[in-house]
Amino acid sequence: MKKVFFGVGLIAIIAKISGFARELVLSYFFGASAITDAYIIALTIPTVIFNFVGVGFNSGYIPIYSMIKKRYGEEEAIKFTTNFLNLLLVVCTVIYLFGMFFTAEIVKLFASGFSIETLDMATNFTRICFVGIYIVVIISIFSAFLQANGSYYVVAFLSVPMNLVYIIGTYIAYKKGIEYLPIFSVLAISIQLVLLYFPLKSNNYRYRFYLKINDNNIKRILYLSVPAIIGGSLEQINYLIDKTIASRVMVGGISILNYASRLNIAIIGILLSTVISILFPKISLLVSERKINELKLYIKKTVNLVIIFCLPLSLWIMIYSKEIIAIVFGRGKFDENMIYITSKCLFYYTSGFIFMVLREIVTKIYYSFKDTKTPVINSGIGIILNIILNIVLSIYMGISGIAFATSISLVVTTILLTYKLKKKYGDFYIQEIIFTFLKVFVISIILVSLIYLIKQFLIEFNIFVQIIVPSIVVGILYLISIFFYFSEIREIVKK
């Protein structure tokens, strides 16, 4: 499993780098402007609308698929997958027709602060992007199918060619006209389907039209998924409110938030995508086999590794937030003021990002126990808190207040969700995990303070020296420290 973990992690690094390059190219040619705001909203809407339904259904798919395959065999599990896919495509058709008729109204919901010109541009972009809802659904189901069958690598790699097409499309749009931005976004999503063909074939999947609404397994998914759909809807409403408030704060506000959050995910999100893609099928299997003690030990080791690598990295990003943004985005149409504002957003997003990873892990544990109600209630608390903080902090802090509101709500909801997990399902070595967190935090604070001191001595040198020299010195010290203080690291080295 550790080989798979690091293999998927390596692919995830490549994927995140390609995603980072995509945002870099967009910022270089178009900066943070009305055009990028309209484009990002057009890309966001189909994904958000799909997430209202699709992500909720997918949360119930892997446990049900695993159960069917174990009890009735592979053929029945594949038949179930095809039926599930076809039913979702029917739902997508209804959503698509509704979206095409009410595109302008939907865009206003996402960005009420847009000017008339920006609104028209976003509406035209969105109509082109809306077809992507079908593609996103198909990719989502097939990716879940492959993960359930242990094919992690191809799923992790999917976004690489997609991002390359996005990059090409952005350049062509800069040269030929902005209408190519949404056109190439649809092409970029579509390229993933081509890559899925052979992995699906090797896992014995063959599409044969089959549609049965009155299917008990679909009913089971509905039962499991309704709370997750509600929870996902709350998350998307939360996302929508962020965008709406950002559109009112400043022109380019949506883009700045997007650049900061994307960069944050590109650096730290590798852990999230790697851990979740492997963790969920594994814990679903352990729950179905009733190996609860083994499950708890597996969760403890995984969470400890996430904390050991994610927490110090978060603090490092916070210290170098301005330098990172300057290096990454500080060219082309991206001016000094944009660098300053985006670096503040990156700082505040990163302050709570480890809790996003931990919250996703805890949520997947609930899903594996077929408990989707508890995460829904937690999401409801989170959205109420985030709305209040968004409104208040955006007044006093501007765009960066929206990022800080997200982090605060993540911290609070993660703590509440973990506390409830212990009450409902017993102790998941939570005290040991908290102790690991505190040890890593203390070590990280000491070493981050050392980075700050070294940085002051290098103030006369260029930005790369200021980042690289302290980071190498402190990085080596940290690796030595965790080797002696954490058994999980020693186990990895031995194997």
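Trainee: Is Y320 buried or exposed in this predicted model?

Mentor: Relative accessible area settles that, with buried meaning under 20%. Y320 has 0% relative accessibility, so Y320 counts as buried.

Trainee: And what about W316, buried or partly exposed?

Mentor: W316 comes out at 23% relative accessibility, and that makes it partly exposed.

Trainee: How many aromatic pairs are there?

Mentor: Rings count as a pair if their centres lie within 6.5 Å. That gives 22 aromatic pairs here. Take F29 and Y174: the ring centres are 4.6 Å apart and the planes sit at 35°, so this pair is tilted. F29 belongs to helix α1 (residues 2-30) and Y174 to helix α8 (residues 159-176), so to speak distant parts of the chain, 145 residues apart, that the pair links. F29 is buried at 15% relative accessible area, while Y174 is partly exposed at 40%.

Now back to W316 and Y320: their ring centres are 5.6 Å apart with planes at 55°, so that pair is tilted.

Trainee: Which residues do ring pairs link into a cluster?

Mentor: Y28, F29, F30, Y171 and Y174.

Trainee: On to charges. How many salt bridges are there?

Mentor: Look for a Lys or Arg side-chain nitrogen within 4 Å of an Asp or Glu carboxyl oxygen. The count is 3. In one of them, R22 meets E23 at 3.8 Å, N to O. R22 is buried at 11% relative accessibility, and E23 is buried at 7%.

Trainee: Which residue does E432 bridge to?

Mentor: K300, with the closest N and O atoms 3.3 Å apart. E432 is in helix α18 (residues 430-457) and K300 in helix α12 (residues 292-319), so the bridge ties together parts 132 residues apart in sequence. E432 is partly exposed at 41%, whereas K300 is buried at 13%.

K455 and E323 also form a salt bridge, at 2.8 Å, N to O. Here K455 lies in helix α18 and E323 in helix α13 (residues 321-329), so parts 132 residues apart in sequence are tied together. K455 is buried at 12%, and E323 is buried at 13%.

Trainee: What sort of patches turn up on the surface?

Mentor: Patch members need over 30% relative accessible area and no salt bridge. K70, R71, R220 and K370 gather in a positive patch. R71, in helix α2 (residues 34-72), is exposed at 60%.

There's a nonpolar patch as well, with about 830 Å² of accessible area together; its members include F464, I468, I480 and Y485. I480 lies in helix α19 (residues 463-485) and is partly exposed at 43%.

Definitions and conventions. Residues are numbered from 1 along each chain as its sequence is written. This is a predicted model: local features need pLDDT of at least 70, side-chain atom pairs count only at pLDDT 80 or more; totals for chains, interfaces and linings use all residues. Side-chain values use heavy atoms; hydrogens and water are left out. Patches are made of residues with over 30% relative accessible area and no salt bridge: like charges are joined within 9 Å, nonpolar side chains (Val, Leu, Ile, Met, Phe, Trp, Tyr) within 5 Å. Accessible areas come from the Shrake-Rupley method with a 1.4 Å probe; for residues, only the protein chains shown count as cover. Lys and Arg count as positive and Asp and Glu as negative; His and the chain ends are not counted. The place of a charge is taken as NZ of Lys, CZ of Arg, CG of Asp or CD of Glu. Helices (H or I, at least four residues) and strands (E, at least two) are DSSP runs, numbered from the N terminus. Buried means under 20% relative accessible area, exposed over 50%, partly exposed in between (1.4 Å probe, protein chains only). Rings of Phe, Tyr and Trp (its six-membered ring) pair if their centres lie within 6.5 Å; planes under 30 degrees apart count as stacked, over 60 as edge-to-face and the rest as tilted.
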